[in-house]
Amino acid sequence: RDLHLDLALDDSSIGLSPISTQSPALISYKDIKQAVDESAIKNSLINLFNTFPGQKLLNPEYGLDLAQYLFTPVSDSVAQQIGDDILSGITKYEPRVTVENVSVGADPENSQYEITLTIIIPKISDSTVSFSGILDPTGLKF
């Protein structure tokens, strides 16, 4: 279970503070929406990819510095380095998944990398889940 990164409110849960000060029967409680199962894993991976080491105070080693590769010429060798960083980062910081495949393709014309990640989430199911995204100067987007 993880919190949604956009901190959306969840209407279905009983939260800690009322939204309305009307009569007790009409009070609406809200809480921050939680992500469960596959969406929790996806949120965790997005957080890992978009966090720089040193940015998380209680865990300064957490994160991947994928932006460092955007200031070098886009090439297949850099794509391989990105794939290696992604694999080692997921292995170290996301124990809920097993990485089946990381594919990083260089797209020099658009100054970006196309990333496809295939993982297995053993606690949920043994089926594979794939995420695709683009790493460009604005960050990684799935």
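T98 is part of strand 6. Before going further, please keep in mind that this is a predicted model.

How exposed is T98? With a relative accessible area of 41%, T98 is partly exposed. Leaving aside residues up to four places away in sequence, T98 touches T118, I119, I120 and P122. Another residue to look at from here is D126: T98 and D126 are 28 residues apart in sequence, and their C-alpha atoms are 9.9 Å apart in space.

Now follow the strand along. Strand 6 covers residues 98-107, and D107 is in it. Does a charged side chain such as D107 sit buried or exposed here, and what is the nearest side chain of opposite charge? D107 is buried and has no salt bridge. The nearest side chain of opposite charge belongs to K141, which is 12 Å away. The side chain of D107 does have a polar partner, though: it makes a polar contact of 2.9 Å with the side chain of N110. Not counting residues up to four places away in sequence, D107 also touches V74, Q112 and E114.

Let's turn to helix 1. Its twelve residues, 38-49, reach 17 Å from the first C-alpha to the last, close to the 16 Å expected at 1.5 Å a residue. Which residues of helix 1 are buried? They are A40, I41, N43, S44, L45, L48 and F49. An α-helix has 3.6 residues a turn, so residues three or four places apart point the same way. In this list, I41, L45 and L48 are among the buried residues.

F49 leads us to the aromatic side chains. The structure holds three aromatic pairs. One of them joins F49 and F142 in a tilted arrangement, with 5.7 Å from centre to centre and 35° between the planes. This pair links distant parts of the chain, 93 residues apart: F49 lies in helix 1, while F142 lies in the segment after strand 9 (139-141). Ring pairs also bring in F131, linking F49, F131 and F142 into a cluster.

Key: Residues numbered from 1 in each chain as written. Predicted model: local features only at pLDDT ≥ 70, side-chain atom pairs only at ≥ 80, totals over all residues. Heavy atoms only, no water. Helix = DSSP H or I, 4+ residues; strand = E, 2+ residues; numbered from the N terminus. Buried < 20%, exposed > 50% of the residue type's maximum accessible area, 1.4 Å probe, protein only. Lys, Arg positive; Asp, Glu negative; His and termini not counted. Salt bridge = Lys/Arg side-chain N within 4 Å of Asp/Glu carboxyl O. Polar contact = N/O pair within 3.5 Å; in protein donor to acceptor, adjacent residues only side chain to side chain. Contact = heavy atoms within 4.5 Å. Expected span 1.5 Å × (residues − 1). Phe/Tyr/Trp six-rings, centres within 6.5 Å; stacked < 30°, edge-to-face > 60°.
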